[in-house]
Amino acid sequence: MYRLRSLLMPLTLTFICQLVGAQAIYEDERYVPETDPLVLEKLEQWQDMKFGLLMHWGTYSQWGIVESWSLCPEEYGWCERTKGSNPSDYNTYKKEYEGLQKTFNPVKFDPDKWAKAAKNAGMKYVVFTTKHHDGFSMFDSKYTDYKITDPKTPFSTNPKANITKEIFNSFREQGLWAGAYFSKPDWNTPTYWDPYYPPRDRNVNYEPEANPEKWQSYIDFTHNQILELLTDYGKVDILWLDGGWVAKTPKSEITNWYEQQLVNNDNGYLKNRIVNQDIKMDELVVKAREKQPGLIVVDRAVHGKNQNYLTPENRVPEKPLPYPWESCIIAGGGWSYSFDAKYMSGREAIHTLVDIVAKGGNLLLNVAPSPEGEWDEGAYKLLNEIGNWMSVNKEAIYGTRSMAPFKFDNVCVTAKPDGSVYLTYLVEKGQTSLPTEIVFPDFKPKRSVKAQLLGTKQKLKWNQKEGGMVIQLPKDMSVKLLDTEAFVIKIK
């Protein structure tokens, strides 16, 4: 991802927007609608799915650090170097970090087990980190030897060495869509971080306009790797591009960025820059969709037509958004593997999912595999708890859209095109009683409407008052309902 483990704080339903260098994602961010009819159709299907899995995995899992970010020489907490023999010496650290390739051997890798757990949890798509900013390719790329299948990597002799292919195949077999996370910046290749110059920050470390051949080589390298993924790895439904600072950036935007950085800056020192890095994204998307018609492209944090849906990171917007969106949320620990990670509870995850869906979004829940290629038991426990709840209440999640008022008190509202309306009551931890009635404000149903508790045959009494539809909760059901994370009333 862009940055740190989001401070590894316990998750709540509202997350603070964190600034990311030149990029920040806001609720009112502009959105450019897609025009390709195949993509529009696929986006509609994706919006019905509601729940997906994100996995950050690479050689960095051996150190339990924040993905690639310790390679970035920026003075932010998430870039801190804490491992290696001499973390205070950057060159030594980078050499040892890249040397993790020679010890990466996840022999317990079992993607079938992950795919089954994801399916049972109710997840409908997976987004896997085929390459993070460090440049290590978790697929058999022809354009680099810094990859999982290179002879220097011990796992290269394993029958499942082409990890991306194995993951995509396993998840597709379980009926999930395959999504490829791919980092546009690559801190390993010399055409992005030229070894003649030291890295300065997250950006390219030379001037692209003054070195057009070198920069074109980087464009070609990036396009070639992405097209590999879209050619040799079966059906790919989502291309999820990270590193939004690698983008075509007009001078006006650059000037405005520096002006904003200097507003409260008395000494003129900046921890990072903004650099025009035109990677020819429009051309790439055309080529990509020739390989994969209807491909959803998510050029994260880059305003324009190639960001088919927006991706608030580790936070949930305060209100419904008028375009396709997805909150990517850490399930436990960090984006990448951390030892002794503490996972969110099933209740927290279910409440987060319901809150996001009521606002019209999808939840992309991140689980990070270990150096050995396993998930923590805490991850399986969490997904199992979500799956148990979804087995009863999924009707209120899949295929729904946001409906006003989207949330009142601790009740979330969703609806389907057939007129069905769902009220999901969020039961708080330690709650000991329920109200005798739920007032659905300003809702005026027809007289023939019925209200029912999902998972039961219990029909609920209701009546119409000036304030809205008043639904009676049966007293004899209180103990059972309080024992759930949330319960759903269906109105139809």
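Which side chain meets K184 in a salt bridge? Here are some friendly notes to read beside the model.

1. The partner is D299, and the N to O distance is 2.6 Å. A salt bridge here is a side-chain nitrogen of Lys or Arg within 4 Å of a carboxyl oxygen of Asp or Glu. K184 sits in the loop between β3 (177-183) and α5, while D299 belongs to strand β5 (residues 296-299), so this pair ties together parts that are 115 residues apart in sequence. Both K184 and D299 are buried (under 20% relative accessible area; exposed is over 50%, partly exposed in between, with a 1.4 Å probe and protein chains only).

2. A word on the source: this is a predicted model, where local features need pLDDT of at least 70, side-chain atom pairs count only at pLDDT 80 or more, and totals for chains, interfaces and linings use all residues. Residues are numbered from 1 along each chain as its sequence is written, and side-chain values use heavy atoms, leaving out hydrogens and water.

3. Now look at K42 and D237, whose closest N and O atoms are 2.8 Å apart in a salt bridge. K42 lies in helix α1 (residues 37-49) and D237 in the loop between α5 (212-229) and β4 (238-242), so the pair links parts 195 residues apart in sequence. Helices (H or I, at least four residues) and strands (E, at least two) are DSSP runs, numbered from the N terminus. K42 is buried at 10% relative accessible area, and D237 is buried at 5%.

4. K152 and D150 also form a salt bridge, at 3.0 Å from N to O. K152 is partly exposed at 37%, whereas D150 is buried at 9%.

5. Finally, salt bridges link E44, D48 and R401 in a network. The structure holds 24 salt bridges.
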